[in-house]
Amino acid sequence: MKKTTLALAAALLLPLMAHAQDAQIDRKVAALMKQMTVAEKVGQLHQLSGRLFTGPTSSDYAAKLADIRLGKVGSMLNIKGVADTREIQALALQSRLHIPLLFGQDVIHGYHTVFPVPLGESASWDMEAIEQSAHIAAREAAAAGIHWTFAPMVDIARDPRWGRVMEGAGEDTFLGSAIARARVHGFQGKQLGATDSVMATAKHFAAYGAAVAGRDYNAVDMSNQQLFEVYLPPFKAALDAGAATFMNSFNTLNGIPATGNLFLQRDILKGSWNFKGFVVSDWGSVREMVPHGYAADLADASVKAINAGSDMDMESYAHIKHLEDAVKSGKVKMKTLDDAVYRILYKKFELGLFDDPYRYSVAAREKAVLADPSHRAAALDVAQKSLVLLKNAAKTLPLSRAAQKIAVIGPLADAKRDLEGGWVVEGDRAPVVSILEGIRSHAGKAEVSYAEACGAGCTGTEGFDDAVAAATRADVVVLVVGETWDLSGEAKSRTDITLPGHQEQLFAALKATGKPVVVVMLAGRPLVFNTIADQADAIVYAWFPGSEGGNAVANVLFGDYNPSGKLPITFPRSVGQIPLSYAQYSTGRPVTDEKNVVYKSAYIDSVNTPRYAFGHGLSYTDFKYSGLTISSKAMAPSQQVTLSFDLANTGKAEGTEIVQLYLRDLVASVVRPVKELKGFQKVHLLPGEQRRVSFTIDRELLSFFNSQLVWGAEAGDFKLMVGSASDDIRLEGAVTLLPSK
Ligand code: NOJ
């Protein structure tokens, strides 16, 4: 692509926002850099993993500590807690120039208090709650000596085989961008350097979520149009929200590893987007350019990474071993090295580490913050908001607390570790409430019995008879099934995303008792569970809901909390439909009648529609949409129109509806998806209450990248759709964009 086109595209995408650089810090960094040898500069680019991975007694670890003392290390990850961070920081301060270390950590969905996994939290569509959860995670981590989190992951992901769908905001660019902003604001607070905040990292730059066939670390091949339109905007949103750092990724993008990708890091990120923070590589991703077949050896990888704009090297030892020589031989310009070092030192000054290298590591604060009871209350709030009621036949839920018998069954019913999900920080975490415990403490007069039925993974059926007996004695069954925590996350790609082991068989045995069966499902990704979807009386998708998961699920089951979560990702019927998104293209042969698909873009053994669509999620009350008006049939490019409608709560419970606005550009120079999310609002209504809801539509909302990658809207007709889910559109309208004069 021509550079000019790219610059134009990026300039039109969103306004440029250079982070204001502070002249005073600038002078301090410059003065320090004048004193630094090339070796000391290279040291700032070297990041090592600490005790949590290496083990405190290994010789490898001892060598790392020696290097810290010599000023050969700029940052550590996997060191946490006030005592440890103080001990390690003290070593860095013994180095010639006393440059403090940066402590980074994967604080992904909580530190001490565990919040729902990011995909689950995204089902809340609640930006305040998401920001709050990131803020609390930051507050706890910062109190434990951590300066920097490797989050948020803003990769759009449309393939649930990929275990890392769990770590992001799902499949949609519009929703994902809003969540990226909320998370960055939550982690970083108002100002870097406040000791209740940490630096955020927008990762993994870029397109990692599109790894071929959902296999982790795999190649990515995509058009620039998809890249610009679907995958990059959440990164731009994170940058505009002030994200201090970016992490590049393991994958190649159109043949070039992201870590050595000049187009991504120099042209886009540090070029047209004018990013002033620094880029950290992913773990070993500099070294991995060798097996990729892009670098001849580690020395070559170091040169290619830094020249392409990757600043800090996480655990590849590429820069520390080879960069000094590369600068001497001219393969890397001093200017390039200086730029990388400048970016890192700037952040250390901004965090106040030169004034007080221990300012995040204060024992009394650590103790007080980790014990703050408001954090648990927030974890409960977010967990409740993230639960999705997928099905509720014959209003099986909510359950009554009157004198009845509830059999709680299943391998995950009393699980604790599984409620936390992957990517939690090792060590002393907040206690977890299991679903069984939650149900017991909320059950009122109801009598609760429990049968595990089978162990983790449900590999045997020996316990099924006892479970069936418990179900037979009960009035209603709550079956808790799903993935164990270690089946989602990094390196957890699966070709088969059905329920592991004999869990569907267990469901069938319980269902055969004739008792109503409510299924609570734990998972870090969309699973395939067709028998349960067809036959369960109710299904609550609970993701991995965190420390307060058991209470959150119980509140929903007994109706103390009316569920409002909506799916941030499509649930397929089978792996064969993947990748599947609501934002698909029409094709020249769209299916208009599922009964007649011959020579249509269809399968001969499955319908095209998903099991549960993006945006789906039920409530204990009903919402009626009516009275759509659009302020004008046509709009000039400089004008806006307002779309309004009435939303009424016609049921008996108070509840929250997440109303969704979709649009379709009917004819364009580049075909447009059949639906694109362009707005959403959470509306809380009492029974019988009605409110007028409005969305503003302007040219920006109608814009896309044309074949020249120029961002803009084309004159013509647009279909506007408002609904409760991407497959549950309640009202439709239209607007015409007039040509520019
Ligand atoms: C590899 C993962 O891809 C990345 O997301 C994470 O931050 C690093 N490891 C550090 O743990």
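These legends walk through several close-up views of one predicted model. Local features are given where pLDDT is at least 70, side-chain atom pairs count only at pLDDT 80 or more, and totals for chains, interfaces and linings use all residues. Residues are numbered from 1 along each chain as its sequence is written, and side-chain values use heavy atoms, with hydrogens and water left out.

**View 1. The largest cavity, with about 60 Å³ of space.** The structure contains 4 cavities of 30 Å³ or more. A cavity is a set of points, on a 1 Å grid over the protein atoms alone, where a 1.4 Å probe fits but cannot get out; lining residues have an atom within 4 Å of a point. Grid points are joined across faces, edges and corners, and a volume is the space filled by probe spheres set on the points. Lining the largest cavity are Ile108, His109, Gly110, Pro118, Glu121, Ser133, Ala134, Ala137, Arg183 and Phe187. Helix 7 (118-122), helix 8 (127-143) and helix 9 (173-188) each give two or more residues to this lining. Helix 8 supplies the largest share, 3 residues. By class, the lining has 5 nonpolar, 3 polar and 2 charged residues. Helices (H or I, at least four residues) and strands (E, at least two) are DSSP runs, numbered from the N terminus.

**View 2. Two cis peptide bonds, one ending at alanine 206 and one at proline 398.** Most peptide bonds are trans. The bond from phenylalanine 205 to alanine 206 is cis, with omega near 5 degrees. Alanine 206 belongs to the loop between strand 5 (201-205) and helix 10 (224-231). From leucine 397 to proline 398 the bond is also cis, with omega near 0 degrees. Proline 398 is in the loop between strand 11 (388-392) and strand 12 (405-409). With 38% relative accessibility, proline 398 is partly exposed; buried means under 20% relative accessible area, exposed over 50%, and partly exposed in between (1.4 Å probe, protein chains only).

**View 3. Positive phi at histidine 98 and leucine 709.** Most residues other than glycine have a negative phi. Histidine 98 has phi near 55 degrees and lies in the loop between helix 6 (82-92) and strand 3 (102-105). Its relative accessibility of 47% makes histidine 98 partly exposed. Leucine 709 has phi near 60 degrees and is found in the loop between strand 23 (704-705) and strand 24 (711-712). At 5% relative accessibility, leucine 709 is buried.

**View 4. Polar contacts of threonine 245 and serine 434.** A polar contact is a pair of N or O atoms within 3.5 Å; within protein, one must be able to donate a hydrogen and the other to accept it, and residues adjacent in sequence count only if both atoms are side-chain atoms. Threonine 245 is part of strand 6 (residues 245-248) and is buried at 0% relative accessible area. Its side chain contacts the side chain of threonine 201 at 2.9 Å, and a polar atom of that threonine 245 side chain lies 3.0 Å from the backbone oxygen of alanine 200. Serine 434, in the loop between helix 19 (417-420) and helix 20 (435-442), is buried with a relative accessible area of 0%. A 2.7 Å polar contact links the side chains of serine 434 and aspartate 414.

Note on methods
On a 1 Å grid over the protein atoms alone, a cavity is a set of points where a 1.4 Å probe fits but cannot get out, and a pocket is an open set with protein on both sides within 12 Å along at least five of seven lines; lining residues have an atom within 4 Å of a point. Ala, Val, Leu, Ile, Met, Phe, Trp, Tyr, Cys and Pro count as nonpolar, Asp, Glu, Lys and Arg as charged, and the others, Gly among them, as polar.
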